[in-house]
Amino acid sequence: MLAPTWSPGPVADEKRRFVLAAERASLVLLEKPARVTPVWAYGGSVPGPELRVRRGEAFTVRLENRLSQPTSVHWHGIRIDNAMDGVAGLTQDAVPPGGTFDYSFSAPDAGTFWYHPHFRSWEQLARGLYGLLIVEEDEPPAVDRDVAWIADDWRLEVTGLIDERSFGSMRDASHQGRLGNWLTVNGLTEPQIPVRAGERIRLRCVNVANARVMAFDFDRQKLRPSIVAVDGQPVAPREPDRRGLELAPGQRTDLIVDVLEAPGGRIPVYEVSTRERIESAAFKVEDAPPLRSRPLTESVSLPANPLARDLPLEDAQAIPMLMEGGAMGGLGEASYKGKMLDIRSLVAEGKVWSFNGIVGMPDQPLATVSRGRTAVIDMINRTAWPHAMHLHGHHFRVVERDGKAVTDAPWRDTVLVARQEKVRIAFIADNPGKWLFHCHMLEHQAAGMVTWIVVA
Ligand code: C2O
Ligand code: CU
């Protein structure tokens with residue numbers, strides 16, 4: 001299969017069973033001249049199949065591992081039954097080559113979620129293993145079409161091969177993580193997405209890159225973008241930031257856009273996180289009469305999910321978390337596998353980051369919270385790098401940044417903590433089990449930025 005492929009649409013049978021085979025496949029990402037990029041893919045396509053389910057409905061996804069290494073699937077952002085969370089080594093054993101695993105669960109919240117391996121994530125995501133999990137609202141909003149916007153940042157060689165030699169690079173791990181050199185949207189290089197004039201589209205944006213924080217400039221005049229959800233959870237409609245719609249690794253944003261360009265026109269969307277404005281994709285307006293004589297003007301809002309309405313902070317359990325290490329971080333020593341190691345010995349183990357002086361997955365959880373109680377995590381980022389902190393099984397709110405109260409922050413599952421910043425988040429620990437809390441810059445995670453919380 002040489003053509004870049006992307007297969008949206010349901011693949012479940014009538015018993016609501018999906019099959020997700022992790023296997024080898026090929027893409028053509030470099031086109032002039034055309035080069036084949038061997039990848040790892042779910043169902044042979046990158047992104048993997050778009051799984052669509054209804055809120056609250058039970059379904060099963062059978063993972064078939066046709067790779068040469070173990071794997072697992074994590075359902076990012078779903079407030080899921082802990083046994084189905086897919087974290088190899090914590091909630092299940094990794095699925096060996098040739099093995100299968102049935103993930104049976106239901107999703108309590110409607111919204112945009114995604115799936116990816118949770119075993120050697122830094123390699124398996126970089127090779128192409130990811131896909132969207134869409135949980136439909138009981139009454140979906142009135143849009144003409146639902147379109148995915150899955151942004152990835154590949155590190156390719158000029159031959160088109162994935163740069164494998166730099167997997168596990170300590171330079172990447174101690175700096176920003178594995179930044180790539182090739183941007184794709186929906187597994188395609190600069191796709192021209194066909195649209196109709198006057199059309200209203202729900203764009204489901206997700207950043208699946210290992211490490212790059214991206215920002216997209218959706219044309220304000222020609223698309224009139226409006227944010228209606230972040231990390232799967234509805235928000236009151238708001239405009240994206242002037243500097244572009246920022247997405248840290250793991251984060252999602254649902255946008256409503258209206259195509260306000262004449263038939264035959266083209267609306268490029270630029271990635272603007274660096275000094276260059278890179279064309280990431282474009283909407284190509286079909287040469288056909290507009291879908292409606294007057295563009296829609298009433299704003300879309302999504303129905304609320306069954307999350308708690310308030311977040312009682314009095315009597316919350318305080319969980320301090322000091323983040324240290326990395327290049328220019330001055331980490332002297334830290335505890336790794338129960339032993340104090342100096343930085344040299346840590347580097348020799350491939351570890352350079354610590355939470356509360358501990359490197360890597362500790363035997364003991366960061367905290368044990370009793371079910372139903374509010375927990376407040378105080379992150380102090382004493383490093384020279386930003387981190388995209390992701391909590392499994394729950395959504396949280398930022399309640400304070402650098403000592404200043406934040407009111408009205410959206411529910412999120414992944415938050416970007418700037419270098420040297422202090423971010424306080426709060427969540428209601430209402431989902432029992434063992435939940436990972438880690439940096440979604442996957443090289444940081446592999447090099448130490450991972451811990452867990454027990455809800456008992
Ligand atoms: Cu999207 Cu622990 O991961
Ligand atoms: Cu990080």
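User: Why is strand β31 largely enclosed by the rest of the structure?
Analyst: This is a predicted model, where local features need pLDDT of at least 70, side-chain atom pairs count only at pLDDT 80 or more, and totals for chains, interfaces and linings use all residues. Side-chain values use heavy atoms, without hydrogens and water, and residues are numbered from 1 along each chain as its sequence is written. Strands are DSSP runs of E, at least two residues, numbered from the N terminus, and buried means under 20% relative accessible area with a 1.4 Å probe, protein chains only. Strand β31 (residues 422-428) is largely enclosed because its buried residues number 5 of the 7.

User: Which residue stands opposite Val 423 in β31?
Analyst: Two strands pair if DSSP finds at least two bridges between them. Strand β26 (residues 374-381) runs antiparallel to β31, with 7 bridges. In this pairing, the residue opposite Val 423 is Met 379.

User: How many bridges join strand β28 to β31?
Analyst: Strand β28 (residues 397-401) and β31 run antiparallel. Arg 397 stands opposite Ala 426 in β31. The bridges joining β28 to β31 number 4.

User: Which strands stand at the edges of the open sheet of 5 strands?
Analyst: The order is β11-β19-β18-β13-β16, with mixed pairing. Each edge strand has a single partner, so one side is left without a neighbour in the sheet. The edge strands are β11 (192-195) and β16 (245-247).

User: What is the average twist from one strand to the next in this sheet?
Analyst: Axes are lines fitted to C-alpha atoms, and angles run from 0 to 180 degrees between N-to-C directions. On that basis the twist averages 25°.

User: How much space lies in the largest cavity?
Analyst: On a 1 Å grid over the protein atoms alone, a cavity is a set of points where a 1.4 Å probe fits but cannot get out; lining residues have an atom within 4 Å of a point. The structure holds 2 cavities of 30 Å³ or more. The lining of the largest includes Arg 79, Trp 411 and Asp 430. Its space is about 70 Å³.

Conventions:
Chains are lettered from A and ligands numbered from 1 in the order in which they are written. Buried means under 20% relative accessible area, exposed over 50%, partly exposed in between (1.4 Å probe, protein chains only). On a 1 Å grid over the protein atoms alone, a cavity is a set of points where a 1.4 Å probe fits but cannot get out, and a pocket is an open set with protein on both sides within 12 Å along at least five of seven lines; lining residues have an atom within 4 Å of a point. Grid points are joined across faces, edges and corners, and a volume is the space filled by probe spheres set on the points.
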